[in-house]
2 protein chains.
Amino acid sequence: MSKTIIIGGSFAGLSCALQAKQLYPDMEVQVFDSQETVGFIPSGMNLVLNHEVDQLEAASFISEKEVRAAGVQLYLGHQVVEVDMKAKWLRAKNLKTQVITDYPYDQLVLAMGSKQTGHLVAHLDHPAIISTKDIGSAHHALEVLEDAGHVVVVGGGQIGIEACEALVNANKQVTLIEANDSLAERYFDPDFVEEIEAAIEIVGVDLRVGSKVASVETDPLRVILEDGDEIYADAILMGVNLFPNSSLVSDQVELNPDKTIWTSPYLETSVTDVFAVGDLVQVPYADQGRDFIALVNNAIRSGQIAAFNLKENRVKQATSLRVIGSRIFSQYVVSVAKTEHEANGTSAQPVQTITVTADYSLTDSTPVYLKLITEAETGRILGAKMRSESNILTYADTLALAIGQGLTDQELAFQDRLYYPLETVANPIIYRAALESYAQRVAK
Amino acid sequence: MSKTIIIGGSFAGLSCALQAKQLYPDMEVQVFDSQETVGFIPSGMNLVLNHEVDQLEAASFISEKEVRAAGVQLYLGHQVVEVDMKAKWLRAKNLKTQVITDYPYDQLVLAMGSKQTGHLVAHLDHPAIISTKDIGSAHHALEVLEDAGHVVVVGGGQIGIEACEALVNANKQVTLIEANDSLAERYFDPDFVEEIEAAIEIVGVDLRVGSKVASVETDPLRVILEDGDEIYADAILMGVNLFPNSSLVSDQVELNPDKTIWTSPYLETSVTDVFAVGDLVQVPYADQGRDFIALVNNAIRSGQIAAFNLKENRVKQATSLRVIGSRIFSQYVVSVAKTEHEANGTSAQPVQTITVTADYSLTDSTPVYLKLITEAETGRILGAKMRSESNILTYADTLALAIGQGLTDQELAFQDRLYYPLETVANPIIYRAALESYAQRVAK
């Protein structure tokens with residue numbers, strides 16, 4: 001009976017553990033995590049502030065009980081302090097008892113994820129500089145926020161925008177600082193987020209796009225911008241990019257320049273029988289090589305795939321299309337793959353972009369906007385962006401499948417789809433956009 | 001300037017007309033229809049009975065005004081009585097004035113659709129034998145239903161079931177007669193519709209599955225079953241299969257044995273410059289050759305495709321996967337491609353079926369059921385069936401794209417998709433089902 005140890009009990013680690021137990025019922029599968037719970041959803045703090053769940057413990061994609069019922073052994077509150085990949089054991093400290101124990105393994109899966117930090121605050125240890133990625137820091141953040149009147153959110157990507165809305169819902173005065181000239185630039189071209197930026201300002205948020213943070217200072221707590229402005233804050237929430245949490249093993253496995261762990265197409269590291277998953281690894285991105293893309297959907301899939309590969313190379317790492325969807329300030333947004341800007345910068349041929357508007361359905365005339373980005377000659381779809389006040393999130397999966405399969409606008413235009421009068425318009429927007437994109441190319 | 005005439009102003013005809021005007025702005029496009037309105041949705045009567053729209057006129061996917069604004073010339077209330085394909089003209093009667101006029105054309109598109117009839121009632125001309133496919137008959141049906149206490153619905157496919165629910169909502173006593181041993185057998189295996197059949201009986205419908213109609217008699221109006229039962233009715237609604245309405249041209253174009261019009265892969269008939277679309281033609285079905293599949297999504301696509309091909313062969317007729325979705329008796333159902341029974345009867349290799357159940361989302365624990373039917377050796381997906389009390393209709397498009405692109409369970413399992421905690425579970429059901437299907441094959 002072989003034994004697999006997984007370091008990290010978030011999406012990637014647990015997905016790997018559960019899949020491994022299903023595939024190899026005789027395998028001993030142990031998961032180590034320094035947190036006292038498993039399955040915390042990184043945006044859990046927002047769910048609480050938005051009153052969408054009662055408490056952080058409910059912001060969980062799986063319970064400890066379910067994991068144990070699947071036969072996975074959980075070592076919670078255990079911090080792994082050392083790994084010996086030659087001798088195949090690791091050393092973990094029970095954070096309650098401080099007892100240190102060594103655990104042997106046959107296969108090791110690294111799933112320590114990423115951490116929410118940044119060079120600006122990495123040297124500071126101030127209680128009012130909050131982050132929300134694990135349940136411990138989210139609990140602390142909620143405590144700090146109880147007495148905070150003004151909160152500065154640094155970073156206007158998905159994390160920052162969603163946190164900003166939750167803080168507004170919790171009646172905080174919020175300043176949102178984004179270094180780029182528009183919000184969520186990795187996902188949306190500026191024209192597509194204008195209405196969202198307007199909605200954010202209407203509710204009273206002090207929105208600072210194109211504002212670079214020069215430094216964060218304490219006593220009193222404040223953010224100093226490169227243009228000299230000083231913004232005082234009762235709390236600062238770091239919504240900036242995540243960084244791979246690879247330091248535990250950085251002297252034993254090969255790293256990429258961005259501190260992710262190098263992996264084979266089958267997610268094995270440079271050390272045999274040691275795998276890495278989730279935010280620790282780079283992901284194949286569209287047709288653009290590999291990148292660090294810290295998204296839950298990547299974490300889950302990489303964990304599952306590593307499980308399939310524990311005994312033999314079976315499944316190659318899956319491609320990411322940076323699929324995101326969210327409801328922010330009453331607007332649903334969806335992004336799959338490239339923006340127009342990104343496509344123009346990376347495509348070997350000219351790029352064609354069309355934007356179409358359609359009613360949501362027969363009985364709901366809420367407009368839906370879709371921007372479809374294609375190669376002008378072949379019609380291959382490079383990216384799709386949607387926005388509406390009605391719920392368009394499930395379109396993300398269809399668009400991801402179309403782009404992931406390399407479909408052209410023509411192929412998508414005539415693909416079979418559902419017609420149901422109360423829920424869809426006669427020619428639903430994604431097929432209509434594809435049709436118009438194709439017609440535009442035919443006309444040329 | 002060339003002129004295209006389209007006979008029939010329903011989904012296929014109008015889709016063709018609108019697409020033609022967009023592609024060829026200089027083309028004169030005329031649509032003839034004997035009805036006085038365009039764009040009627042065949043299930044419009046149900047929408048009225050369910051109070052989902054106020055009146056039949058609102059059950060329209062496009063208005064006359066919108067069609068005219070696009071530059072299409074509408075000849076409503078005009079019945080085409082003769083076509084001369086050699087001389088390229090047609091003769092139409094204005095039903096109000098009875099004036100007959102001849103109209104020349106360069107290209108002709110046949111879009112007369114299908115009619116709701118059956119050999120049992122084709123010889124009867126009784127006002128209380130109702131159908132609902134066009135707005136005229138739907139108006140008549142609503143009048144008849146006002147005074148009807150007991151309605152017999154013949155045919156337990158999608159049309160019959162949806163009508164049955166609408167009639168129950170309108171406080172009618174309903175008998176639903178289906179010749180097969182379970183409802184909607186073309187779309188669902190018996191195990192999948194058991195709960196729906198139970199729900200139909202709970203609301204008081206007299207459900208007769210496995211009951212063949214021997215004859216329909218009048219004075220008094222009644223249905224006589226093959227087992228001898230006589231069911232008296234104030235109205236009989238024919239929810240039976242549709243038949244192509246090809247008689248106008250049956251002596252001029254080649255027909256298939258099922259009375260559909262033969263077409264090339266580009267939807268041209270046996271006569272040059274004459275195209276046929278919608279319910280008049282057979283559709284490529286999955287990997288199973290061609291079939292008569294009277295669905296709106298096929299009609300729309302064939303109309304659009306014919307428009308692209310009016311001047312040169314550009315787009316081949318699109319494949320159908322018989323995609324349907326509906327909400328019937330508080331259950332949402334989705335069907336894409338084959339049932340297990342159908343797959344077993346047509347697949348060259350053994351068939352693997354798995355059924356998975358999952359919560360709808362983090363905050364909605366309503367169960368969702370998915371049955372995934374695959375080739376046991378390759379894992380290629382042959383069919384997918386879903387059911388839930390929560391709305392799963394939009395999954396239909398993703399499943400259709402996956403099956404349409406010939407994906408295997410493994411490919412779908414690791415396809416990128418949306419993760420959004422309030423709307424999706426960590427591993428949404430279609431990917432989870434694909435994963436379990438793949439894992440089951442790996443285990444063998």
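**Chain A: first look**

Student: How many helices and strands does chain A have?
Tutor: Chain A has 11 helices and 25 strands. These are DSSP runs, numbered from the N terminus: helices are H or I with at least four residues, strands are E with at least two. This is a predicted model, where local features need pLDDT of at least 70, side-chain atom pairs count only at pLDDT 80 or more, and totals for chains, interfaces and linings use all residues. Residues are numbered from 1 along each chain as its sequence is written.

Student: What is the radius of gyration of chain A?
Tutor: The value is 23 Å, close to the 22 Å that the globule rule gives for 444 residues, so chain A is as compact as a globular protein of that length. The radius is taken over C-alpha atoms, and the rule is 2.2 Å times the number of residues to the power 0.38.

Student: And how many of the residues count as buried?
Tutor: 61% of the 444 do. Buried means under 20% relative accessible area, with a 1.4 Å probe and protein chains only.

Student: New topic. Which strands form the open sheet?
Tutor: The order is E3-E2-E1-E7-E18 in chain A, with parallel pairing. Two strands pair if DSSP finds at least two bridges between them.

Student: Which ones are at the edges?
Tutor: Strand E3 (73–76) and strand E18 (274–276) of chain A; each pairs on one side only.

Student: How many bridges join E1 to E2?
Tutor: 5 bridges join E1 (residues 3–7) to E2 (residues 28–33) in chain A. A:Lys3 stands opposite A:Glu28 in E2(A).

Conventions: Chains lettered and ligands numbered in written order. Heavy atoms only, no water. Buried < 20%, exposed > 50% of the residue type's maximum accessible area, 1.4 Å probe, protein only.
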